[in-house]
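User: I am new to this structure and would like to understand the words used for it. Could we go through them together?

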Amino acid sequence: MTTIAQANPVRDGFILPDDLSVYIGKKTLVKLILDAIEGLNARAYGSGAPATGSPEFQPALMLTLLTYCYATGVYASTDIELSTQNDQMMRYLCARSDLNLPVLREFRRYSRDRIKECLATVLRRVWELRFCDEDACPMAAASYPGVSFSRWLNMRPTPDFTTEAEQRIVRAVRADSMAMDW
């Protein structure tokens, strides 16, 4: 797998890990992605992403696949291809079709804004589920005298999810660029 240097999200002020499924599970993550895509489609899909030219990979499928990959820390197209062979959820998302790497890169290039918007929405929802819902108790087991997790959370600004989504897309572009240089 292609590996690129990754910043420590906690050190940079962002609490969510590269792989969001660690917090919420793969099925819940896919549901959040589908909800985000539905929200995007409700706003205006007609002016959105062009078709990929491949009948197997329609824009909604490609958007779901790339958002899932970037939300789980899989950035390079070759890593995405490997994941479709080894990860049951990835096979499900691809609808058992063979992945075409040039089509994947082309879709990312022409649909970058839609991917970023969808990914930012998913990042925001995971953040809300993990840290802001009343039912969520992320630090219930770790209670320290004089330290309130909710006070600490409220003192910190909410992360910029759009910037984080853009950074994840940039990682994917860099990973593919590095792979092509070899």
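This is a predicted model: local features need pLDDT of at least 70, side-chain atom pairs count only at pLDDT 80 or more; totals for chains, interfaces and linings use all residues.

User: Why is Arg168 called buried?

Analyst: Buried means under 20% relative accessible area, exposed means over 50%, and partly exposed lies in between (1.4 Å probe, protein chains only). Arg168 has 0% relative accessibility, and therefore it counts as buried.

User: What makes the pair of Arg168 and Asp18 a polar contact?

Analyst: A polar contact is a pair of N or O atoms within 3.5 Å; within protein, one must be able to donate a hydrogen and the other to accept it, and residues adjacent in sequence count only if both atoms are side-chain atoms. A polar atom of the Arg168 side chain lies 2.9 Å from the backbone oxygen of Asp18. Leaving aside neighbours within four places in sequence, the residues in contact with Arg168 (heavy atoms within 4.5 Å) include Asp18, Tyr70 and Tyr75.

User: Why are Tyr70 and Tyr75 called stacked?

Analyst: Rings of Phe, Tyr and Trp (its six-membered ring) pair if their centres lie within 6.5 Å, and planes under 30 degrees apart count as stacked, over 60 as edge-to-face and the rest as tilted. By this rule the count comes to two aromatic pairs. One of them joins Tyr70 and Tyr75, with 6.1 Å from centre to centre and 20° between the planes, which is stacked. Tyr70 is buried at a relative accessible area of 0%, and Tyr75 is buried at 3%.

User: How do you know that the length of helix 7 agrees with its number of residues?

Analyst: The expected span of a helix is 1.5 Å times one less than its number of residues. Helix 7 (residues 112-132) has 21 residues and should therefore span 30 Å, and its end C-alpha atoms are 28 Å apart, which agrees.

User: What makes Ser77 buried?

Analyst: Ser77, which is found in helix 4 (residues 77-86), has 0% relative accessibility and so counts as buried.

Conventions. Residues are numbered from 1 along each chain as its sequence is written. Side-chain values use heavy atoms; hydrogens and water are left out. Helices (H or I, at least four residues) and strands (E, at least two) are DSSP runs, numbered from the N terminus.
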